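Hi,

Here is the structure I promised to pass on. Have a look at it, and then read on for what turned up.

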Amino acid sequence: MQNWLRVAISAASKGALIAGLMAGGIAALWLVPMPNVSHAQTSKTARTADGKPNLNGIWEALNTANWDIQDHAARMGPVVALGAAFSIPAGRGVVEGNEIPYLPEAAAKKKENSEHWLTADPEIKCYMPGVPRATYMPYPFQIVQTPQHILMAYEFAGATRTIYMNSKLKSPNDTWMGWSVGHWEGETLVVDVTSFNDQTWFDRAGNFHSDALHVVERYTPISPDALDYEVTIEDPKIFSRPWKMRMPLYRHLEKDAQLLEYQCVEFAEELLYGPLRKQKSK
Amino acid sequence: MSHRFFVTTGVVALVIVVTLVAPGNVAGQAASSTSKVAPRQAAASAKPWTPPRTPDGQPDLQGVWDYRTITPLERPKELGTKAFFTEEEAAKYEKTENQRQNRDLIDPEQGGLFYPKGGVVPYNEFWYDRGNKVAGTKRTSLIVDPPDGRLPAWTPEGQKEADLRAAAERNDQLGHPAADSWEDRPLQERCLVGLNAGPPMVPGAYNNDVQLLQISGYVVILNEMVHSARIVPLDGRPHGSVRQWRGDSVGHWEGNTLVVDTTNFRRETSLPGSSANTHLIERFTRTDANTLLYEFTVDDPTMWTRPWTAVVPMTKSDDPIYEYACHEGNYAMSGILAGARAADKAAAEAGKSGSK
């Protein structure tokens, strides 16, 4: 609740917040007119034709969680020649309580991952990034919301996933982006994601999971142009208890905003196949 | 759609492209024709069918559509001017062609289909999920214009590229592919574009599935092959100037037909023989509850002497689109390159011992 309020404070005017609390429920926030917003923005969440909150749009996190989902100070980047331009920005973590409850062996593995980041991080190889990492990578993603299917299209690696609404369909296999089944709880899109492989990470700091990963995402509009994104991570092979991440997602407001290709395969081929290239004869 | 766990099958990709677009030797070209293309004729003769509408009034094309077919892109030469099969001829063609294309019936030592004697038949039949029926139009080719059902003549540049490609394909089939680096391999093998995902979509070896989603202002073309989502704006915006592997698509409605216009390709498209200069027009028309007529026109004056058009009827499917991880499982690329390096080494050692 406290995190929720912090997000709400940043999004709504103080007056609206107090009014909302007085009304006795968070849902009331959306019904109370906010005096400080422009005419184009109203306190009412945009709706789709079937009456659900309309999440269509191009969104992006604005944080450094892809570097490290926990609190981290700025530090020098891995390439000396790139100096200040490609070093690592500081960031407040997105993990609730800033603590990730690794089991002992998994904690050792996380440390090892971190030390071998440059050779082990699947992002570097242009592999589909998994969930929730895809959400907070420094690239936009687009939500395409229909009543039965919600498509999430991510700019990084052109990764996609479909959220099947109120579906009993099961994944036939493990996947990179998981198997997503969604439903609405009031103003919140709740997505249950399973059937992951064990190949993706949570960040460049080596935070990781197993194929037992179970992710529950909650997307809630907090203003016309921002969503609250809460994720619960459960993986009994790696963590001693479920834990949460939370962050706002912001709408791209540029005119003609568009997801472009970041077809990164060609940026990773030298790294992956370079030793197999024919050497020029001496 | 097939939920077998595919790793990338680069060689399959290459081989199937060859099947669909046999390069060169486009003999007996009919004179250029500007006649309008079949779907409208077909639509005119059929009972009128009104597509359902989305809440904002667009014709509703949504769903998963299956474009598998054994109908070839180009009409087999022996069929001459015959544009349509009768029911009997279609059944006979299916039987013969399904037999002929069955990889399990091909002995590499003897060759067969387009595999040379003593060459490589890279995948057995298990790996294929191509169509085994002729297209619902009963046409003898997917190409409907030029009227002879075959690709138009190459330009000199197109011919040069076609010759190089034919030689490279021959080397692949004989088991010594050009592979000094990954850059020598086709875009499909590198997972940069989807073999049959296009644009334009041409039926191929597997994953012949596309889902259309519609929201206000956008149509999304989601191909299973290489998880490609083309998010096409319908708001009348002009093309941007960013060149992309899959080009830059904008769309609009013409009656009940969705028209998608794509330019700004970065290099060749997924169509063998095409160039970055391709201007692609795709038309999607739902002609009944279970059929989406997909028509595309390729205008690439760098490579072909005139535009050409193909029609692919797609069939409604109840199955979902599954994740297809291509690059993530592309062991084939390491295998092809490692094989080429081993061949280099063997050749160098043979050279040394020969010079003694």
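A quick definition before the numbers: a residue is called buried when its relative accessible area is under 20%, exposed when that is over 50%, and partly exposed in between. Please keep in mind that this is a predicted model.

Chain B, to begin with. Of its 356 residues, 56% are buried. Its secondary structure consists of 5 helices and 10 strands. If you take the contacts in chain B with a separation of 6 or more, 65% of them are between residues 24 or more positions apart. The accessible surface of the chain is about 15000 Å², and carbon and sulfur atoms account for 53% of that.

One residue in chain B that I looked at is S181(B), which sits in the loop between α4 (156–173) and β3 (209–215). Is S181(B) buried or exposed? S181(B) has a relative accessible area of 4%, so it is buried.

You'll find L82(A) in the loop between β1 (57–61) and α3 (104–115) of chain A. L82(A) counts as partly exposed because its relative accessibility is 38%.

Cheers

Methods:
Residues numbered from 1 in each chain as written. Chains lettered and ligands numbered in written order. Predicted model: local features only at pLDDT ≥ 70, side-chain atom pairs only at ≥ 80, totals over all residues. Heavy atoms only, no water. Helix = DSSP H or I, 4+ residues; strand = E, 2+ residues; numbered from the N terminus. Buried < 20%, exposed > 50% of the residue type's maximum accessible area, 1.4 Å probe, protein only. Contact = heavy atoms within 4.5 Å. Areas by Shrake-Rupley, 256 points an atom, 1.4 Å probe, with all protein chains shown as cover.
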